[in-house]
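Here is a quick tour for anyone meeting this structure for the first time. Have a look at it, then read on.

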Amino acid sequence: MGKHASAGTSSILIVDDEELIRWSLRARLEDDGHHIRDAGTGAAARDALRELPDLVLLDMRLPDADGLDLLREIKQQAPTLPVVMMTGNRSVESAVQAMRDGALHYAVKPLNLDEIAVLVEKALATGALEREVRDHRAQASAPYAFDRIIGDSPAMQRVRTLLQRVARAPVGTVLITGESGTGKDLAAKAVHYNSPRAERPFMNITCSALQDTLLESELFGHERGAFTDAKKAKRGLFEAADGGTVFLDEIGETSPAMQAKLLRFLEEQTFKRVGGLTDVRVDVRVIAATNRDLLAEVAGGGFREDLYYRLRVLPVELPPLRERGDDVASMAAWYVARYCDELHRPVPNITEAGMAALCAHSWPGNVRELRNLVERAVLLGDGGPLDVDDFFGFERQRGGDADPFRLPPEGIVLEDLERDLVRQALQRARGNQSAAARLLGISRDQLRYRVEKFGFGAVTWA
């Protein structure tokens with residue numbers, strides 16, 4: 001099957017072996033402005049489907065094909081293409097089976113043409129919405145394609161191959177380990193967005209950021225009145241991610257009590273909401289990550305051994321940047337191009353000395369350190385080639401005049417200080433609010449609030 005018909009009036013394919021029905025439907029739907037094609041056999045329908053229509057009206061019985069078999073073929077190759085089944089059989093079982101196989105609606109003959117016209121408009125609207133949602137999800141998942149995991153070192157080639165295998169397995173808990181800053185969150189998203197679960201939600205939580213009671217409520221949800229502030233029932237992340245993935249970052253920071261609850265969930269795929277009495281069953285893949293040595297934690301009694309092995313069904317270890325050889329050079333160039341694109345600036349070269357300094361650095365902060373260092377060099381650069389001092393000059397002179405932000409004179413009030421820092425960040429980022437927010441260590445929404453507060457919205461930053 002090929003691409004959808006060109007934009008304009010909606011294209012509808014009518015598949016029915018009765019010529020009178022095809023003629024009647026064509027006349028009625030063409031009056032509504034639709035472009036109509038028709039087929040009287042399964043073979044003719046397959047040929048017509050090479051140019052995908054916007055909607056298919058499909059008879060359940062064809063002289064050379066079963067309508068349900070043809071429906072399954074259509075949904076396998078074009079999942080968002082809406083199909084309305086037509087039949088003279090009023091059997092409930094056949095209607096249920098058609099809906100299970102992906103039919104959007106089910107019309108019983110003799111057909112009421114006015115009702116069919118209304119049904120067609122609803123089906124076309126639903127199909128357009130589903131295509132829009134699918135396109136949006138494809139755009140959202142693009143940053144997590146495997147080719148966005150940069151690096152051709154042997155270590156990263158092994159990691160990329162392993163992540164692809166893990167993603168193809170629709171079930172099985174995943175434990176991602178590695179030093180801080182090695183990209184465990186990116187690896188988790190790559191697994192999800194390249195797996196059969198990609199159409200379902202990806203939910204993540206940092207376990208160390210919440211106390212046990214709050215973490216339990218966030219993961220499992222709570223019933224109304226479960227605790228003082230529980231004014232109404234709330235679904236947790238496991239319910240919200242049903243069919244998808246939950247990423248538990250910093251799993252090594254959880255308490256023994258929370259570890260026991262997580263183990264029960266992983267074993268049974270059921271849980272009780274906080275304050276609840278009944279079990280809730282979901283289908284969720286769990287990906288956990290930690291920069292801790294969990295085996296050492298197990299030996300010291302800080303982490304449950306049974307939970308460790310339950311999490312480690314599919315283990316992935318991310319290597320530190322210092323062990324990735326020439327990957328530093330390719331990643332530095334990639335980040336320079338990325339940040340220049342964000343700031344709408346020409347992409348500068350990195351000098352030989354600058355690249356040598358990058359490759360010789362030990363990278364205690366791993367990929368995160370490289371990313372932040374390159375971003376700062378681009379933000380503060382004058383547009384010329386990036387040299388050693390552009391990358392490391394600030395670190396060498398830390399605490400001196402190279403500090404990127406200057407405090408105003410003594411005696412100034414706090415709000416004036418805040419205004420001045422926001423102004424400096426916007427100037428250095430040339431008005432790019434995302435980059436300015438990163439310089440200040442705040443979110444873009446927090447920066448946008450301050451831009452409006454201080455009246456910087458209409459300012460042009462050269």
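Let's start with a facing pair: isoleucine 12 stands opposite isoleucine 36 in strand E2. This is a predicted model, where local features need pLDDT of at least 70 and side-chain atom pairs count only at pLDDT 80 or more, while totals for chains, interfaces and linings use all residues. Residues are numbered from 1 along each chain as its sequence is written, and side-chain values use heavy atoms, with hydrogens and water left out.

E1 and E2 pair in the parallel sense over five bridges; pairing takes at least two DSSP bridges between two strands. Strands (E, at least two residues) and helices (H or I, at least four) are DSSP runs, numbered from the N terminus. Five strands make an open, parallel sheet in the order E2-E1-E3-E6-E7, with E2 and E7 as the edge strands, each pairing on one side only.

| Strand | Residues |
|---|---|
| E1 | 11-15 |
| E2 | 35-39 |
| E3 | 55-59 |
| E6 | 83-87 |
| E7 | 105-108 |

Now over to helix H14. Gly354, Met355, Ala357 and Leu358 are buried there, meaning under 20% relative accessible area with a 1.4 Å probe, protein chains only. Seen down the axis of H14, these buried residues fall within an arc of 160 degrees (taken from the directions from the helix axis to the C-beta atoms), so they line one face of the helix. On the other side of H14, Glu352 and Ala360 are exposed, that is, over 50%.

How values were computed
Contact = heavy atoms within 4.5 Å. Axes fitted to C-alpha atoms, helices over the stretch in contact; angles between N-to-C directions.
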